[in-house]
Amino acid sequence: MDYAQRFKGLVPKAEPLILGIESSCDETAAAVVQGRKLLSSVILSSAAEQAKYGGVVPEIASRAHTDAISKAVSSALEEAHIEKSMLDAVAVTYGAGLLGALLVGLSFAKSFAYALGVPLIGVNHIRGHMAAAYLADQTLEPPFITLLASGGHTAVLYTKSYTEFEILGSTRDDAAGEAMDKAARVLGLPYPGGPNIERLAREGKNCIAFPKMFRGNGYDFSYSGLKTAVINYCHNKEQKGEEYSRADVAASFQCAACDVLVERAVSAALKYGCKTIAAGGGVIANTYLRECLVRECIANGLRAVLPEKKFCTDNAAMIAAEGLVQYRAGNFSDLSLNACAHIPLGKKGKQ
Ligand code: KG4
Ligand code: ZN
């Protein structure tokens, strides 16, 4: 019998204890939730080691996950003050991400779930970022607008129910985080780019008119023009031997990149009659963006639900949160579940 089949007809507990495991990139993370209450979250990162190479080296990430996974899980259980035998399910990221890295967490989760005799729940990493908001505000209920801005995805979605969403707009080229990382590289800032852009931007002002992408056309985004404008601006100045402020470039770029996210999310909420915008993904850790989103929400009579910064970037609490959604829907995985490097967010329109 397939493993998932064993749990068909399982009567879901109201407040199940779910272990979440995340290993898609350079963070080895484990967390425990009880229903929507977060009991623990542990993140062991190999980012400092990766920084030496200017990006994530898959082989190094996989080895670091192997070193860290057991410790991350036992620390998460300890911090939650629970025994592993009390767990009701194990949720784990199966994609998207680095294959070798994903396989470490996935293999660990499979054996853990099997040994405990509890359901295994494969979680799509991006759905995890979207679900982080459920922990940030335990009263949050669909429908609402989701603003997703991570290293690989940028989208505005209409979250209709816990398991159904409609993509209203997404990026036509680079994701917001990718643009942050590329602009950081142009400015000679180390990996990861976003937090470094944010730090440098604090010393500068928004005084360079970078393009805020194309206007109109619904809720889509395009970041490649902005990236090129930053490259051209810096190269032009350098070729002419003119002085320029890297901090002003960072501040101006940050505004151009973030303002459009806020604009699109707010206009979607107004159009769809949603009172709430929930945000997720690494770029949502940006303080300028957070302040801007909160300000615009207040000005338009909306509510912003922003996960704490540490739950915007990669973590396992969000995986456990999406695990809860899937647990309640009875969506369990088999032990043959494989890692996926790419999982499309979906086509524009209803999912
Ligand atoms: O969601 P995430 O942790 O990973 C993916 O699933 O892609 O997002 C990582 C992205 C990176 O591009 C990083 O530069 C960006 O989020 N990021 C930030 C900040 N922290 C992380 N961007 C702007 N400001 C930040 N504070
Ligand atoms: Zn992520």
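His125 is buried, at a relative accessible area of 8%; buried here means under 20% relative accessible area, exposed over 50%, and partly exposed in between, with a 1.4 Å probe and protein chains only. This is a predicted model, where local features need pLDDT of at least 70, side-chain atom pairs count only at pLDDT 80 or more, and totals for chains, interfaces and linings use all residues. Residues are numbered from 1 along each chain as its sequence is written, chains are lettered from A and ligands numbered from 1 in the order in which they are written, and side-chain values use heavy atoms, with hydrogens and water left out.

His125 sits in helix H4, while Asp314 is in the loop between strand S10 (303–305) and H10, so the pair ties together parts that are 189 residues apart in sequence. Helices (H or I, at least four residues) and strands (E, at least two) are DSSP runs, numbered from the N terminus. Asp314 is buried too, with a relative accessible area of 15%.

## Where H4 meets H10

Helix H4 (residues 125–136) packs against helix H10 (residues 317–329) at an angle of about 90 degrees, and their axes are 7 Å apart. That makes H4 roughly perpendicular to H10. Axes are lines fitted to C-alpha atoms, for helices over the stretch in contact, and angles run from 0 to 180 degrees between N-to-C directions. Angles under 35 degrees count as roughly parallel, over 145 as roughly antiparallel, 65 to 115 as roughly perpendicular and the rest as oblique.

On the H4 side, the contact residues include His125, His129 and Tyr134, and on the H10 side they include Met318, Ile319 and Val325; contact means heavy atoms within 4.5 Å. By class, the contact of H4 with H10 has nine nonpolar, four polar and two charged residues.

## The buried face of H5

In helix H5 (residues 176–186), the buried residues are Ala176, Gly177, Ala179, Met180, Ala183 and Ala184. Viewed down the axis of H5, they fall within an arc of 155 degrees, so they line one face of the helix; the arc is that of the directions from the helix axis to the C-beta atoms. Their packing partners are strand S6 (144–149), strand S7 (154–159), helix H6 (193–201) and helix H8 (246–271).

His153, in the loop between S6 and S7, counts as buried at 18% relative accessibility. Gln254 belongs to helix H8 and is buried at 6% relative accessibility. Leaving aside neighbours within four places in sequence, Gln254 is in contact with Ile197, Glu198, Ala201, Asn286 and Tyr288.

## Backbone details worth a look

After H5 comes Gly188, whose phi is positive, near 75 degrees. In the loop between H5 and H6 lies Pro192, joined to Tyr191 by a cis peptide bond with omega about -5 degrees. The peptide bond from Gly95 to Ala96 is also cis, with omega near -10 degrees.

Is His81 buried or exposed? His81 is exposed, with a relative accessible area of 71%, and its phi is near 60 degrees, a positive value in a residue other than glycine.

Terms used:
Nonpolar A, V, L, I, M, F, W, Y, C, P; charged D, E, K, R; others polar.
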